[in-house]
Amino acid sequence: GTITSYYRTIWGGNTGGETPTSSKNITIKNYDGGSIASEFSVGMRFRNVEDFDLYNYSGATIETGTVTTTSADYTIDLQSADDVYINNEGTIKSANNYAIACKTCTSSTIINSGTIQSVNSFALFIKESQNMTVENSGTITADGWAIVAEDSTSLNITNSGTIISS
């Protein structure tokens with residue numbers, strides 16, 4: 001199926017007194033032919049999330065921005081997250097900012113056998129995170145930097161695919 005919005009397509013948890021304040025035990029499965037898209041802003045934004053699983057299967061797409069709207073933000077934006085598991089066999093694409101951002105994430109895994117792409121920035125942005133694993137047998141590509149790991153500890157990257165930064 002298709003889930004599309006102009007602004008924040010899927011949003012859970014928050015900071016700054018807004019509700020909801022946290023999200024727990026979240027599983028999202030985007031099957032072959034499925035599309036989760038935001039034309040202008042964030043595709044998925046989660047704050048204070050625990051036990052978050054995302055499966056983007058072969059033939060499925062999660063993306064922000066369009067050909068005419070390249071000012072879209074993050075495709076998947078996680079902050080203050082614990083026990084994140086992302087398995088991408090399809091396409092995760094951002095027309096502007098990060099395809100996947102994981103800020104202050106702990107004990108998390110990103111497995112990619114599909115494509116993770118940022119047209120204008122970073123494909124993977126990992127900031128102030130610890131005990132993270134990235135396994136790539138697909139393609140990670142960005143017109144900026146493919147992977148940025150800022151102020152992170154215990155980050156393991158295993159690559160048998162292609163990682164390209166222009």
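Asp83 lies in strand β7 (residues 76-88), where strands (E, at least two residues) are DSSP runs numbered from the N terminus. Welcome to a short tour of a predicted model, in which local features need pLDDT of at least 70, side-chain atom pairs count only at pLDDT 80 or more, and totals for chains, interfaces and linings use all residues. Residues are numbered from 1 along each chain as its sequence is written, and side-chain values use heavy atoms, with hydrogens and water left out.

**Positive phi values**

- Phi of Asp83 is near 65°, a positive value in a residue other than glycine.
- Asp83 is partly exposed, with a relative accessible area of 38%; buried means under 20%, exposed over 50% and partly exposed in between (1.4 Å probe, protein chains only).
- Asn48, found in strand β5, is not a glycine either, yet has a positive phi of about 50°.
- Asn48 is partly exposed, at a relative accessible area of 27%.

**Strand β10 and its partners**

- Strand β8 (residues 91-94) pairs with β10 in the parallel sense over 4 bridges; two strands pair if DSSP finds at least two bridges between them.
- Gln117 in β10 is the bridge partner of Lys93.
- β10 also pairs with strand β13 (residues 139-142), in the parallel sense and over 4 bridges.
- For Ser118, the bridge partner in β13 is Ala142.

**Aromatic rings**

- There are 9 aromatic pairs in the structure; rings of Phe, Tyr and Trp (its six-membered ring) pair if their centres lie within 6.5 Å, and planes under 30 degrees apart count as stacked, over 60 as edge-to-face and the rest as tilted.
- Tyr31 and Tyr57 are stacked, because their ring centres are 4.9 Å apart and their planes are at 5°.
- Tyr31 lies in the loop between β3 (23-30) and β4 (35-38) and Tyr57 in the loop between β5 (44-56) and β6 (61-64), so the pair ties together parts that are 26 residues apart in sequence.
- Tyr31 is partly exposed, with a relative accessible area of 48%, and Tyr57 is partly exposed, with 23%.
- The rings of Tyr98 and Phe125 are stacked too, because their centres are 4.5 Å apart and their planes are at 15°.
- Tyr98 lies in the loop between β8 and β9 (100-112) and Phe125 in strand β11 (residues 124-127), so this pair ties together parts that are 27 residues apart in sequence.
- Both Tyr98 and Phe125 are buried.
- One aromatic cluster is formed by Tyr74, Tyr98, Phe122, Phe125 and Trp145.
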